[in-house]
Amino acid sequence: MAGKSSRSKYAAGCVGLLCLGMAHAQQPASSTADGLPAAIRQNVIQQGERLDAMRSQLAAQMAQIEQLKRALAAQEADYRTLRHEMGMDSGDKSAGTANTAATSGVATTGTAVAAASQPVGRAPVREPGPPAVAPIFEQPGVLTPRGKFVIEPSYQFGYSSADRVDLIGYTVIPAVLIGLIDARQVRTTTQTGALALRYGLTNRMELELRVPYLHSHTDTTSREIFTGSAEDRVFTSSGHGLGDIEATARYQMNDGGADKPYFVGWLRFKSRTGRDPFDVTTDCVNRCIQNVTGTGMPLQLPTGSGFYSLQPGVTWLYPSDPVVFFGNLSYLHNFARHGVSRRVLGGDRESLGTIEVGDVVDLSLGMGFALNDKASISLGYDQSFVGLTRQNGKTVAGSAKTVLGTLLVGGSYRLSDRRTLNVALGVGITRDTPDATVTVRLPTTY
């Protein structure tokens, strides 16, 4: 019995050792302390490192995109400034198209990365305004930027001539006149030097002060009125001095752009600082010196109109690349003067009473286009309607409504970023308009 029990215990011990060996053989040899295989853990670590590298690369690309966006914005601002200086402002629509195209180019073109590191320009300091054109009218369309001064010296030369023949009598047969002939030929030259100062209160509003100095000369060839003189006489008169000082305020009323008009409203006040027609000595109309009939014309020419005036108006510009259309519409009101008297030869004063000069409606149209980045030319037409002059409530004898028409041609050349030379030529179309006027301006920005 003892031997049998010993064999049973030995067999049970062998079975236990065999089971323990099989369990040990089933456990992996490369397991870690946390129970994961070493190969899997190494794969997880490598994937984490790749994700970190991709995150770093994505952050670098995002920073590069932000840099390209800033470079694009600077290029767009420089592009707008260049088109504005050339009078080819394309507005928000073109800018948005350029922005979309450039953004697409950033994603597909690798050369933009190298270009972004170079300086590309600077954004403009003022709001987009009307395009610059060669000025041929009195009212400019481009306003002065805020805080800037513009000093504009100018010179204008004007020449006009008029011929008149009056037949005072009756004819017996054709070509036979019984009576008097009054033949006159008047030649007038006017030179005006002016200094204008403009200041920009805001990017939409400016103030202007203009001080003119005039020199006029008139030669009248005629025969003495109402006499039987057979000889021509030349009557000469001249005058020079300070003219009527003017003050103007202008305001840009809207934001224009490509195929959108700009409107600039303005208000001008004209003083009567110049010598008016009633203060200069006038030759007698009736016989006054040695029983001789006078001419009735001033012995000296005035340098001012003699009336205070207020003129509201509006200037409009319509850019349509490559042409800019523009025009003016204004109404000039002359305030009446009471108790007016004029000085006649010999120092006497002749009472005239109340004088009302006719108001003036002015309409002008034109177009301008740039030849290159410095030069531009303009063509236009200006027409004024002048009302009747009244004395003591009655129309002055010989006063009639007058239409003044002028054909205008102008050119502009940018000498520098601060200085531009403008030249304009005006040719009279109607009979009462001066034959020719030449105006030269040289505005300088400070």
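Which residues does Phe 326 touch, not counting residues up to four places away in sequence?

Author: This is a predicted model, and in it Phe 326 touches Val 133, Ile 136, Phe 137, Trp 316, Leu 317, Ser 364, Leu 365, Gly 366, Met 367, Gly 368, Ser 378 and Leu 379, leaving aside residues up to four places away in sequence. Among these partners, Ile 136, Phe 137 and Leu 317 belong with Phe 326 to the largest nonpolar core, which has eight residues in all and also takes in Tyr 262, Val 324, Leu 408 and Ala 424. A second, separate core has five residues, including Phe 307, Val 340, Leu 352 and Ile 355. In soluble globular proteins, nonpolar side chains tend to be buried together.

Turning to the chain as a whole, buried residues make up 29% of its 446 residues, and the chain has four helices and 19 strands. Of the contacts in the chain with a separation of 6 or more, 63% are between residues 24 or more positions apart. The chain exposes about 26,700 Å², of which carbon and sulfur atoms supply 60%.

As for confidence, the chain averages a pLDDT of 78, and 70% of the residues score at least 70. Over residues 90-119, however, the pLDDT is below 50, and this stretch has 19 contacts in the model beyond near neighbours in sequence. Residues 168-175 also stay under 50, with 13 contacts beyond four places in sequence. Where pLDDT is low, the predicted coordinates should not be read in detail.

Conventions
Residues numbered from 1 in each chain as written. Predicted model: local features only at pLDDT ≥ 70, side-chain atom pairs only at ≥ 80, totals over all residues. Heavy atoms only, no water. pLDDT = per-residue confidence, 0-100. Contact = heavy atoms within 4.5 Å. Core = buried A, V, L, I, M, F, W, Y, C linked by side-chain atoms within 4.5 Å. Buried < 20%, exposed > 50% of the residue type's maximum accessible area, 1.4 Å probe, protein only. Helix = DSSP H or I, 4+ residues; strand = E, 2+ residues; numbered from the N terminus. Areas by Shrake-Rupley, 256 points an atom, 1.4 Å probe, with all protein chains shown as cover.
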